[in-house]
Amino acid sequence: MTHRRATGETALWRAVVAQALHDAAPRRRPSRPLSAERARARDAARRWLLEAGRDFRRVCDLAGLDASAVRAEAVEAIRAADERMPPIAPPRCSMLTATAA
């Protein structure tokens with residue numbers, strides 16, 4: 001039973017890392033702009049992964065993962081996700097685009 005529990009705990013911590021990677025770098029281009037809540041989750045996940053602080057290293061250890069390798073994977077995944085994202089267009093002002101009558 002101890003081995004089974006350890007395997008379940010490892011899976012749980014691996015799921016934490018996987019969720020952070022998913023939040024930080026979604027694999028597909030969003031069909032609409034990110035909500036403020038989703039953008040906050042993305043930014044928090046990116047900070048957690050890229051700063052690689054004590055909590056991050058502890059979670060990687062509990063997941064049986066090498067923290068440096070996870071961080072390197074995160075850097076690449078974030079780069080790739082950012083390349084898929086469309087550039088942010090400046091807001092349109094209807095007064096500037098309307099023609100004079």
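In this predicted model, the exposed residues Ala36, Glu37, Arg40 and Glu51 lie on the face of helix H2 that is turned away from its buried side. The buried residues of H2 are Ala39, Ala45, Arg46 and Leu49. An α-helix has 3.6 residues a turn, so residues three or four places apart point the same way. H2 comprises residues 36–51, 16 residues in number, and the distance from its first C-alpha to its last is 22 Å, close to the 22 Å expected at 1.5 Å a residue.

Arg46, in helix H2, has a relative accessible area of 16% and is therefore classed as buried, the cut-off being under 20%. With neighbours within four places in sequence left aside, the contacts of Arg46 are Ala24, Glu51, Ile78, Ala81 and Asp82. Glu51 belongs to the exposed set on the face of H2 turned away from the buried side, whereas Ile78 and Ala81 are among the buried residues of H4. Ala24 touches Arg42, Ala45, Arg46, Leu49 and Ile78, again not counting residues up to four places away in sequence.

Just after H2, Ala52 adopts a positive phi of about 50°, although this residue is not a glycine. Ala52 is located in the loop between H2 and H3. Its relative accessible area is 18%, which means that Ala52 is buried.

Helix H4 has 18 residues, and its end C-alpha atoms are 26 Å apart, which agrees with the 26 Å that should be spanned at 1.5 Å a residue. Ala67, Val70, Ala74, Ile78, Ala80 and Ala81 are the buried residues of H4. Their arc around the axis is only 165°, so they are placed on the same side of H4. Ser68 and Glu83 are exposed on the other side of this helix.

The axes of H3 and H4 are 9 Å apart, and the two helices pack at an angle of about 110°. This angle lies within the range of 65 to 115 degrees, and H3 and H4 are therefore roughly perpendicular to each other. The contact is formed by Phe56, Arg57 and Cys60 on the H3 side and by Ala67, Val70 and Arg71 on the H4 side.

The largest nonpolar core has 16 residues, of which Val17, Leu21, Ala24, Leu49, Phe56, Cys60 and Val70 touch the most other members. At least two residues of this core are supplied by each of H1, H2, helix H3 (54–63) and helix H4 (67–84). H4 provides the largest share, 5 residues. In soluble globular proteins, nonpolar side chains tend to be buried together. Phe56, Cys60 and Val70, listed among the core residues that touch the most other members, also take part in the contact between H3 and H4.

Val16 is placed in helix H1 (residues 2–24). This residue is partly exposed, as its relative accessible area is 33%. Apart from neighbours within four places in sequence, Val16 is in contact with Trp48 and Val59. The C-alpha atom of Val16 is separated by 8.6 Å from that of Ala63, 47 residues apart along the chain.

How values were computed
Residues are numbered from 1 along each chain as its sequence is written. This is a predicted model: local features need pLDDT of at least 70, side-chain atom pairs count only at pLDDT 80 or more; totals for chains, interfaces and linings use all residues. Side-chain values use heavy atoms; hydrogens and water are left out. Helices (H or I, at least four residues) and strands (E, at least two) are DSSP runs, numbered from the N terminus. The expected span of a helix is 1.5 Å times one less than its number of residues. Buried means under 20% relative accessible area, exposed over 50%, partly exposed in between (1.4 Å probe, protein chains only). Contact means heavy atoms within 4.5 Å. A nonpolar core is a set of buried Ala, Val, Leu, Ile, Met, Phe, Trp, Tyr and Cys residues joined through side-chain atoms within 4.5 Å. Axes are lines fitted to C-alpha atoms, for helices over the stretch in contact, and angles run from 0 to 180 degrees between N-to-C directions. Angles under 35 degrees count as roughly parallel, over 145 as roughly antiparallel, 65 to 115 as roughly perpendicular and the rest as oblique. The arc is that of the directions from the helix axis to the C-beta atoms.
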